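Dear colleague,

I am handing over the structure we spoke about, and below it I have written out what was found in it. Please read the notes with the structure open beside them.

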Amino acid sequence: MMRKSPIIITGGGQRLGLACAQALHQQGYQVIITYRRHREEINAIEASGIQCLQADFSTSDGVEAFIEKVMNDYDALGGIIHNASEWEAEKNCSDTTLLMEKMWQVHVFAPYRINLAFEGLLCAGFKDDGVADIIHMTDYVAEKGSDKHIAYAASKAGLANLTCSFAKRYSPQIKVNAIAPSLLMFNDSDDDDYRQKALNKSLLQKEPGEQEGVLAVKYVLESGYLTGRTLSLDGGRHLV
């Protein structure tokens, strides 16, 4: 069902978030993205018809400023996709206390606070469109953990749990689901050895690309009978 009310994608200025924003915009959705730091590419995104809001979810003040902006500017929302993320390993961090706080702030507190604040807007979107969604972008490591990214994995597991709690709280007006990718696309800086090791971790042994994530988002948005669930995009990695 096409929605009149806008869909927000946090962290939508690059990679999967941007691919989802462009795909939904092309399909006719009104799309708003958030970005943390302004880059030249943001101007082009905005020129294409996607609204761009600067937001820093690494602090409580940044979260509250974003909430205030949206509450002042919109009467209803068709959905919010929590895609904003931080990724840092313990070995690269001198203060693991701050690392855990940062991971939890971005991946758990920000979605938690935003979901609670936007309940009325999402319910208004449900009233207008007959559907409203919250999607949490989690991670395969929430299921198995990670010895190299412990704080990151723990915070993504916390986000996965929020999916169940908010699905219970907001049913039946708002569907709440998660999408948990493992490898979707490599970074340009990834060397051949790393790429091969990563590919070997899944049964399908391929880099599916950002469109695999886009398809998952579209499926969740278009489903009328899916809530409180996690859609795994791991290429059979759990069986290796």
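The side chains of Lys 102 and Glu 88 meet in a salt bridge with an N to O distance of 2.7 Å, a salt bridge being a side-chain nitrogen of Lys or Arg within 4 Å of a carboxyl oxygen of Asp or Glu. Since Lys 102 belongs to helix 4 and Glu 88 to the loop between strand 4 and helix 4, the pair ties together parts that are 14 residues apart in sequence. Helices (H or I, at least four residues) and strands (E, at least two) are DSSP runs, numbered from the N terminus. Lys 102 is partly exposed, with a relative accessible area of 28%, where buried means under 20% relative accessible area, exposed over 50% and partly exposed in between (1.4 Å probe, protein chains only).

Before going further, please bear in mind that this is a predicted model, in which local features need pLDDT of at least 70 and side-chain atom pairs count only at pLDDT 80 or more, while totals for chains, interfaces and linings use all residues. Residues are numbered from 1 along each chain as its sequence is written, and side-chain values use heavy atoms, with hydrogens and water left out.

A search of the whole structure finds 10 salt bridges. Among them is the one between Glu 86 and Arg 36, whose closest N and O atoms are 2.4 Å apart; Glu 86 lies in the loop between strand 4 and helix 4 and Arg 36 in the loop between strand 2 and helix 2 (40-47), so this pair ties together parts that are 50 residues apart in sequence. Glu 86 is buried, at a relative accessible area of 17%, whereas Arg 36 is partly exposed at 33%. Within helix 8, Asp 193 and Lys 197 lie 4 residues apart, about one turn of the helix, and their side chains form a salt bridge of 3.4 Å, N to O. Asp 193 counts as partly exposed at 48% relative accessibility, and Lys 197 as exposed at 53%.

Strand 4 (residues 79-82) is joined to strand 1 (residues 7-9) by 3 bridges, the two running parallel, and Ile 80 is the bridge partner of Ile 8. Strand 4 also pairs in the parallel sense with strand 5 (residues 133-137), over 4 bridges, and there His 82 stands opposite His 136. In a regular strand the side chains alternate between the two faces of the sheet. In strand 4, Gly 79 and Ile 81 point one way and Ile 80 and His 82 the other, and all are buried.

Some single residues also deserve a look. A cis peptide bond, with omega about 0 degrees, joins Ser 171 and Pro 172, and Pro 172 is placed in the loop between helix 7 (150-170) and strand 6 (175-181). Arg 15, in helix 1 (residues 15-27), has a positive phi of about 45 degrees although it is not a glycine, and it is partly exposed at 37% relative accessibility. Phe 186, in the loop between strand 6 and helix 8, is buried with a relative accessible area of 9%. Leaving aside neighbours within four places in sequence, Phe 186 is in contact with residues including Arg 15, Tyr 194 and Glu 207.

Notes: Pairing = 2+ DSSP bridges. Contact = heavy atoms within 4.5 Å.
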